[in-house]
Amino acid sequence: MNRRTALSLFAALAFGAAAASPASATPSVGAPAPAFSATDSSGSPVSLAAYRGKTVVLEWTNHQCPYVVKHYGSDNMQALQKEATGDGIVWLQILSSAPGLGGHLGGKEAVAKNAERGAEPSRVLLDPDGKVGRAYAARHTPTMAVIDPKGTLAYYGAIDSDSNWHPSSVEGATNYVRAALSDLKAGRDVQVAKTRGYGCSIKYAD
């Protein structure tokens with residue numbers, strides 16, 4: 001077993017990885033996206049309903065997760081955020097780690113972490129009680145969802161097709177979120193609408 005394979009296996013065992021592949025779990029793609037309200041990093045209320053008429057991306061994150069580090073360390077996530085928001089899409093980054101558990105951040109800490117890594121979501125939602133995450137059955141970081149302007153869940157699952165934790169694995173992978181956004185922009189049905197997530201298990205409160 002080579003060093004890269006051994007480290008990948010360790011990361012999978014330590015953080016609970018799952019490979020990206022077609023999946024049939026909830027929530028239901030093609031149905032109305034679960035409604036939610038939360039507080040953002042500045043203490044302001046946020047509701048999904050407020051963004052009706054806009055495409056919305058949801059990103060569950062945990063800065064301590066090696067699979068999240070993969071996408072931020074390679075600038076893959078930041079590039080996708082900038083592309084999306086530059087195209088008028090709302091990008092909501094969600095922190096569902098419970099207080100005292102791995103990856104939990106308060107509002108100021110979350111803003112500082114994004115500044116440190118050059119992340120540019122539209123808003124950062126704090127979900128310490130896990131209500132938003134559980135409403136979407138989010139199990140891993142990163143879990144991604146795309147909601148169309150009508151409020152329909154258009155894509156749900158992994159960010160891309162390569163479940164390896166190493167940043168170099170971004171190269172050559174199919175980015176499902178970018179593809180879904182392109183399909184919506186072109187007025188097409190999303191071709192790959194649901195995949196199995198991979199990453200670290202979300203550290204929900206009991």
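C65 and C200 form a disulfide in this predicted model, with their sulfur atoms 2.1 Å apart; a disulfide here is a pair of cysteine sulfur atoms within 2.5 Å. The link of C65 and C200 is right-handed, with 85 degrees about the S-S bond. Because C65 lies in the loop between β3 and α2 (66-73) and C200 in strand β9 (residues 200-201), the pair ties together parts that are 135 residues apart in sequence. Helices (H or I, at least four residues) and strands (E, at least two) are DSSP runs, numbered from the N terminus. A search of the whole structure finds 1 disulfide. Both C65 and C200 are buried, where buried means under 20% relative accessible area, exposed over 50%, and partly exposed in between (1.4 Å probe, protein chains only).

Strand β3 (residues 56-60) is mostly covered, with 5 of its 5 residues buried. V56, L58 and W60 point one way from β3, whereas V57 and E59 point the other way.

| Partner of β3 | Sense | Bridges | Bridge partners |
|---|---|---|---|
| β4 (residues 90-95) | parallel | 5 bridges | V57 and W91 |
| β7 (residues 143-147) | antiparallel | 5 bridges | L58 and A145 |

Residues are numbered from 1 along each chain as its sequence is written. As the model is predicted, local features need pLDDT of at least 70 and side-chain atom pairs count only at pLDDT 80 or more, while totals for chains, interfaces and linings use all residues; side-chain values use heavy atoms, with hydrogens and water left out.

How values were computed:
Pairing = 2+ DSSP bridges.
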